[in-house]
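Please examine the sequence and the structure shown below before reading on. The report is intended to be read alongside them.

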Protein chains: 2
Amino acid sequence: MAEIQVPDMVVARLPLYLRALSHMEREGTAVTSSHELATHLGLSPAQIRKDLSYFGRFGKQGTGYDVANLRARLTKILNVDRTWAMALVGAGALGLALVHYGGFQERGFYIACVFDSDPEKIGRDVAGYTVLPSDTIAEEIPHRGISIGVIAVPAEAAQAVALQLVEAGIKAILNYAPISLAVPSGVRVQQIDPVVYLQQMTFYLGSGSASQA
Amino acid sequence: MAEIQVPDMVVARLPLYLRALSHMEREGTAVTSSHELATHLGLSPAQIRKDLSYFGRFGKQGTGYDVANLRARLTKILNVDRTWAMALVGAGALGLALVHYGGFQERGFYIACVFDSDPEKIGRDVAGYTVLPSDTIAEEIPHRGISIGVIAVPAEAAQAVALQLVEAGIKAILNYAPISLAVPSGVRVQQIDPVVYLQQMTFYLGSGSASQA
């Protein structure tokens, strides 16, 4: 039993493979190939075979991948063969959009409770959640089995919220605020930054390729 | 003057470099290295040097990169030395959150107008925008100089909205709906999918590394 360290860049691609495979399975595709997956995802077939090889053998040479099997294996590898409880902090417009977001449940996540610091919002019902006061984060999170925090507060409040979540034992934070969070090592933060996606597109809108002298 | 085709995976990383450099510049860092950038971004220094080499020479061997200069060059390469007008479709909770999002303006983008198909919302004021009827997308977008569409409608409405945007001449779509959009070739779509980020974190929450027999 040897421990293999998987590079972060490989881990970052696994959810994309899972999403593509789930899509294929819904469409009724039984078998796929690294070439087909590569076309789907804008990667090279070799990259996909190398990424998957970290986790053992999946396809037989020449026969391709069993879609349902590979999807099930990736679901397990990413630990979403269970459902993760999340604490949402911020019951403003974004928080409201997130509690109504239709994409969490079937992919391994649900919002367990909603916090806000605004006295106007605390105690109010938001899509079936009673908004809890942010200063109870430290007591509420541990006994609810919550592992993930979602930050949907304004930029100027985000860092303080992050530290509250960390103090409550949270090890993974999804940050919607447009600010980089400083957290202790051992805590993972992923930032949802729409501008990164927009700038990927404006590269192509402007020129399409680089010209060099 | 030779045209160099830049791989999509390289383009995908450029906004991350720009974000890191802008952060360094705000912090007062004048010079950086591929090693420092690499640590910041979880990439290898060699990868960063290779990515940047598509666009010419930036640093001198041993002296590192001038932060302000490299930031300015990347701003130009990504075509965000100008500001792009975006049409937001969907004036629900998410749309409301997006019009209040503080991260667009200083990084090259602004929301020029807001559409919705709900008669209750059309004509209403949303953060200074008068909500326009979605069935006027085709006439409004071309004469407002809008190049980018942002979809913030429910999943079941997203595909139809995407096609309306394409018919109006839009070539770049930022999609918040939890659904893959089918668009003609030549149109770029980026999907904001929070579950991809969450699953990257649950990989580590569950085990930390892969074990192999």
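## Confidence in the model

The structure is a predicted model. Its scores are ipTM 0.92 and pTM 0.86. For chain A, the mean pLDDT is 90, and 93% of the residues reach 70 or more. Residues 207-213 of chain A, however, have a pLDDT below 50. In the model, this stretch has 14 contacts beyond near neighbours in sequence.

## Domains of chain A

The domain assignment divides chain A into domain 1, covering 8-77, and domain 2, covering 84-195. Taken over C-alpha atoms, the centres of domain 1 and domain 2 of chain A are separated by 31 Å.

## The sheet and a helix that packs on it

Chain A contains an open sheet of 6 strands, in the order E8-E5-E4-E9-E10-E11, with parallel pairing. At the edges are strand E8 (132-133) and strand E11 (188-191) of chain A, each of which pairs on one side only.

Strand E4 (residues 84-89) and strand E9 (residues 148-151) of chain A pair in the parallel sense over 4 bridges. Within this sheet, A:Ala87 has A:Gly149 in E9(A) as its bridge partner. Helix H7 (residues 155-167) of chain A packs on the sheet and touches E4, E9 and strand E10 (172-175) of chain A. The direction of helix H7 makes about 170° with that of E9(A).

## How the two chains are related

Two copies of a chain are related by a rotation about an axis and a shift along it.

## The contact between the chains

Chain B contributes 65 residues to the contact, and chain A contributes 65 residues. On the side of chain B that touches chain A, the elements giving two or more residues include strand E1 (2-4), helix H1 (8-26) and helix H5 (93-99) of chain B. Helix H8 (194-206) of chain B is also among them, and H8(B) gives the most, with 13 residues.

The residues on this side of chain B comprise 40 nonpolar, 19 polar and 6 charged. Of the interface residues of chain B, 100% are also interface residues in chain A, so the copies meet through the same surface.

Technical notes:
Residues are numbered from 1 along each chain as its sequence is written. Chains are lettered from A and ligands numbered from 1 in the order in which they are written. This is a predicted model: local features need pLDDT of at least 70, side-chain atom pairs count only at pLDDT 80 or more; totals for chains, interfaces and linings use all residues. Two strands pair if DSSP finds at least two bridges between them. Two residues are in contact if their C-beta atoms, placed from the backbone, lie within 7 Å. Axes are lines fitted to C-alpha atoms, for helices over the stretch in contact, and angles run from 0 to 180 degrees between N-to-C directions. Domain bounds come from an automatic or database domain assignment. pLDDT is the predictor's confidence in each residue, from 0 to 100. Ala, Val, Leu, Ile, Met, Phe, Trp, Tyr, Cys and Pro count as nonpolar, Asp, Glu, Lys and Arg as charged, and the others, Gly among them, as polar.
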